[in-house]
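Student: I would like to go through the contacts in this model one at a time. Can we take them as questions and answers?

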Amino acid sequence: MISANLSAIFYLVSGVLFILALRGLSSPETSRQGNFFGILGMIIAVLVTFLSIGNFSNGFIFVLIFILIGGSIGAFIAYRIPMTAMPELVAGFHSLVGLAAVFVAISAFLNPEAFNLGTPGNIKLGSLIEMSIGAAVGAITFSGSIIAFLKLQGIMSGSPITFKGQHLLNAIILISIVALIYLLCSSQSSNLFWILLAVSFLVGFLLIIPIGGADMPVVISMLNSYSGWAAAGIGFTLENTALIITGALVGSSGAILSYIMCKGMNRSFFNVILGGFGATDDTSSKSTKEQRPVKSGNADDAAFLMKNASSVIIVPGYGMAVAQAQHALREMVDTLKKNDIKVSYAIHPVAGRMPGHMNVLLAEANVPYDEVFELEEINNDFANADVAFVIGANDVTNPVAKTDPQSPIYGMPVLDVEKCKSVLFVKRSLSPGYAGIDNDLFYKENTLMLFADAKKMTEDITKNL
Amino acid sequence: MEIDPLIFRLSIFILSIFVGYYVVWSVTPSLHTPLMSVTNAISSVIIVGAIIAGLSGNSESIFNTSSIFGFLAIALAAINIFGGFLVTQRMLAMYKKKKKDK
């Protein structure tokens, strides 16, 4: 058994190690070391917890058993998960953090003596407030992440589910959560605690259902942030520095990512949260569109264009992930490079279903990360490039965002693909993207549409090079 | 007059938010996915609370309602810790620089 002061110092050390873990991610070279710091911080935190309890009788063996069960499930998932399923995995993991926070809060509520928080029915006021906030945020994280997971996995439709009075209902429920916490703290009633949990689960569910598939990057980042705040709430209850520091880090990390994602779409956070993007003006945009001529080509034409180019910029999007085309793409690029053609990749901040999604897929396909560029880094290069190869992206290339103030995506930063000498657009059909609007790029003089599955088309082009 | 320890914890919390703010802005966008998986793993340090909860039963009865929730939370957090760190490691191992030999 070690003293409370000593264990507090060790918790602080593990908190600092977690900061270093995030710091390491500032560049790929230091990132692996950063991850190691994170693991070290976790080991210290767990060991110190055991040592500070000291007298753990025969419950200890069960703790190890449960760690082992959870650990093997986690390790199994981590090794088996395909990189394209990373958004689902992260959403799933968030739900577990949320649920774990709820369980710890329930346990502390039922048996406050174990945590030095008072006795059942007479829990210290401060602890009860912290506990109920932690539990409520945890529950929201859990049910919200489950919905996000189901939407990403395709089990639930990715289209927004909206109904009349939705926002009013959400507002009422959120106010009732605050009221419930107040009543709970004044009465210490366990019934109110369970009602609070139930209502919080409900609100997480209601908050995420109106948000559509392509807004998932924001949702995942937001839930990431929530899981952090839930952990911090529990950290306050347990008076544990490591948990408070981590909760604050994760909370702000998720908030920053949400901000970056919203900025990438030129939408306010509230606009995304209130949901239903593109669902409202669906009919008007479709009926007024006249048929315009497009040029379509085959793999042979595309190969010819690229062979005669001196520089090619690849613009990947979610469609590449769906078609699992990243390896085929890398092979095509290898062939191009053999012909002394300069190739780089342009990644839009909201390409894919989570922040950095495309980067991971390209890294998986052995694309060196110094060939992959962010929007601001590469956008000026399109004017000097010969060919832009758009694979599975759509709205993020739409020039309408720069020209038409009426358009729902007006003002969104887009890749200046149309400035290239020629544009190759791999797509299955002319159907509009997620925003529900037509892409002017399809009808440009210098655009060649390649109607096919992204993976098959890329392979065919490679054969023709 | 003594200061409530809560104030110290609140100070740590607020300062950590600022640390987090600056540290996360310095994360390169290409590593945003590993950032999410690693934050996921470290937020599972909530396992310390779960362990305390799990060990709250006395020696005659290890399992009571409170400790069962603790044990369940241990398993959930452990999935996240192992899954989160390992998948991060797997991802980070794929980020390679251009080979200079060509």
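Student: How many salt bridges does the rule find across the interface of chain A and chain B?
Tutor: This is a predicted model. A pair counts when a side-chain nitrogen of Lys or Arg lies within 4 Å of a carboxyl oxygen of Asp or Glu. Over all chains, a search of the whole structure finds nine salt bridges. Across the interface of chain A and chain B, the number is one.

Student: Which residue of chain A forms a salt bridge with Arg9(B)?
Tutor: Arg9(B) belongs to helix α1 (residues 5-25) of chain B, and its partner sits in the loop between α8 (216-238) and α9 (241-264) of chain A. The closest N and O atoms of the pair are 3.5 Å apart. The cut-off is 4 Å, so the pair qualifies. The partner is Glu239(A).

Student: What area is buried between chain A and chain B?
Tutor: Interface size is often expressed as the accessible area lost when the parts come together. Here the contact takes 101 residues from chain A and 76 residues from chain B. Carbon and sulfur atoms give 79% of the buried area. The total is about 8,200 Å².

Student: Are α2(A) and α3(B) roughly parallel or roughly antiparallel?
Tutor: Helix α2 (residues 28-53) of chain A and helix α3 (residues 47-54) of chain B have axes that come within 9 Å and cross at roughly 30 degrees. Angles under 35 degrees count as roughly parallel, so α2(A) and α3(B) are roughly parallel.

Student: How many charged residues does the contact of α2(A) with α3(B) have?
Tutor: From α2(A) come Ala45(A), Val46(A), Thr49(A), Phe50(A) and Ile53(A), and from α3(B) come Ile47(B), Val48(B), Ile51(B) and Ile52(B). By class, eight are nonpolar and one is polar. The number of charged residues is none.

Student: Within chain A, is the crossing of α1(A) and α9(A) left-handed or right-handed?
Tutor: The axes of helix α1 (residues 4-24) of chain A and α9(A) come within 7 Å and cross at roughly 20 degrees. That angle makes the two helices roughly parallel. Their crossing is right-handed.

Student: How many polar residues are in the contact of α1(A) with α9(A)?
Tutor: The α1(A) side includes Ser14(A) and Gly15(A), and the α9(A) side includes Thr241(A) and Thr246(A). Gly counts as polar under the classes used. Nine residues of the contact are nonpolar and none is charged. The polar residues number four.

Notes
Residues numbered from 1 in each chain as written. Chains lettered and ligands numbered in written order. Predicted model: local features only at pLDDT ≥ 70, side-chain atom pairs only at ≥ 80, totals over all residues. Heavy atoms only, no water. Axes fitted to C-alpha atoms, helices over the stretch in contact; angles between N-to-C directions. Helix = DSSP H or I, 4+ residues; strand = E, 2+ residues; numbered from the N terminus. Parallel < 35°, antiparallel > 145°, perpendicular 65-115°, else oblique. Contact = heavy atoms within 4.5 Å. Buried area = accessible area lost by both parts, 1.4 Å probe. Left-handed = near helix turned anticlockwise from the far one by under 90°.
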